[in-house]
Amino acid sequence: MNRPARLAAAALTASAALLLTACGGGDSGSEENDKVAGVDRGTEKSASPSAPAPASADRPKIDVPSDVTYAFEWKKTGDPDKDAVLSDAEQRIRAVDMAIAEQDALHEAYTFYSEGTAAAGSQKYIQEFIDHKARTTGLTRFYGETVTVDDDGTASLVYCEDQSKATNKYLKTGKTDATSATKNSYVLYAGTLRKNKDGVWVTERLDSTRGSAKCQP
């Protein structure tokens with residue numbers, strides 16, 4: 001689940017800032033994932049309100065700082081399973097930011113929504129912020145989603161993330177890094193999910209491609 005000129009190590013200049021992906025997944029560092037079909041970047045969508053998490057399990061409460069905001073432009077599909085996939089993916093994204101804000105690399109909120117390599121990637125991502133005593137801040141936009149659900153209880157989700165208005169905030173000083181939109185502000189994600197015994201769509205794998213042509217405005 002992973003963001004923009006985040007995280008810049010104190011010893012690095014702004015131009016050498018370490019670009020991290022915002023959702024805790026692996027970043028391929030290539031354009032290979034641009035071959036993933038179904039990302040719609042040519043249609044304007046209005047931001048929808050936060051999707052409530054389904055009540056099928058005892059879900060953790062997700063509470064992020066007020067300066068961490070989102071624009072989820074994911075549309076309701078009318079298919080209960082697909083809409084549940086989108087909802088649980090949204091909760092995972094928020095849960096990662098919550099773990100960062102609380103400086104807890106093993107936070108129960110994001111581990112509730114992720115397993116396997118996706119969970120391991122999130123843990124590493126969160127730890128980077130802990131090491132630098134920083135957290136996320138600003139607005140992140142999610143759009144261009146494509147979701148498919150298979151009969152075996154698995155699903156795939158492809159979507160784009162716009163990180164151009166999000167950045168790092170350092171806990172000791174309250175200072176933030178400067179933000180500016182570049183090609184690398186836009187990230188393509190391709191994830192696989194599985195519906196567990198509690199009815200939660202858990203992300204098991206999440207790959208990302210920063211600067212993907214499919215996500216550029």
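1. A residue counts as buried if its relative accessible area is under 20%, as exposed if over 50%, and as partly exposed in between. The model is a predicted one. With a relative accessible area of 1%, Asp97 is therefore buried. Asp97 belongs to helix α1, which covers residues 80–101. Its side chain makes a polar contact of 2.8 Å with the side chain of Tyr70.

2. Tyr70 also takes part in a ring cluster: ring pairs link it with Phe72, Trp74, Phe142, Tyr159 and Tyr189. The structure has nine aromatic pairs. One of them is Phe72 with Trp74, an edge-to-face pair with 5.1 Å from centre to centre and 70° between the planes. Both Phe72 and Trp74 are buried.

3. On the charged side chains, a search of the whole structure gives 11 salt bridges. Among them is the bridge between Asp88 and Arg59, with 2.7 Å from N to O. Asp88 is in helix α1, while Arg59 is in the loop between β1 (26–27) and β2 (68–72); the pair links distant parts of the chain, 29 residues apart. Asp88 and Arg59 are both buried.

4. A further salt bridge joins the side chains of Arg141 and Glu73, at 3.2 Å from N to O. Arg141 lies in strand β3 (residues 134–149) and Glu73 in the loop between β2 and α1, so this pair ties together parts that are 68 residues apart in sequence.

5. Which residue forms a salt bridge with Asp81? The partner is Lys195, and the closest N and O atoms are 3.8 Å apart. Because Lys195 lies in strand β5 (residues 186–195) and Asp81 in helix α1, the pair ties together parts that are 114 residues apart in sequence. Lys195 is partly exposed, with a relative accessible area of 39%. Asp81, at 32% relative accessibility, also counts as partly exposed.

6. Salt bridges also occur as a network, which links Asp67, Arg135 and Lys169.

7. The length of helix α3 (residues 116–131) was checked against its residue count. At 1.5 Å a residue, its 16 residues should span 22 Å; the end C-alpha atoms are 23 Å apart, which agrees.

8. Ala118, Ala119, Ser122, Tyr125, Ile126, Phe129 and Ile130 are buried. These residues cover an arc of only 145° around the axis, and therefore lie on the same side of α3. An α-helix has 3.6 residues a turn, so residues three or four places apart point the same way. Gly116, Thr117, Lys124 and Asp131 are exposed, on the other side of α3.

How values were computed
Residues are numbered from 1 along each chain as its sequence is written. This is a predicted model: local features need pLDDT of at least 70, side-chain atom pairs count only at pLDDT 80 or more; totals for chains, interfaces and linings use all residues. Side-chain values use heavy atoms; hydrogens and water are left out. Helices (H or I, at least four residues) and strands (E, at least two) are DSSP runs, numbered from the N terminus. Buried means under 20% relative accessible area, exposed over 50%, partly exposed in between (1.4 Å probe, protein chains only). A polar contact is a pair of N or O atoms within 3.5 Å; within protein, one must be able to donate a hydrogen and the other to accept it, and residues adjacent in sequence count only if both atoms are side-chain atoms. Rings of Phe, Tyr and Trp (its six-membered ring) pair if their centres lie within 6.5 Å; planes under 30 degrees apart count as stacked, over 60 as edge-to-face and the rest as tilted. A salt bridge is a side-chain nitrogen of Lys or Arg within 4 Å of a carboxyl oxygen of Asp or Glu. The expected span of a helix is 1.5 Å times one less than its number of residues. The arc is that of the directions from the helix axis to the C-beta atoms.
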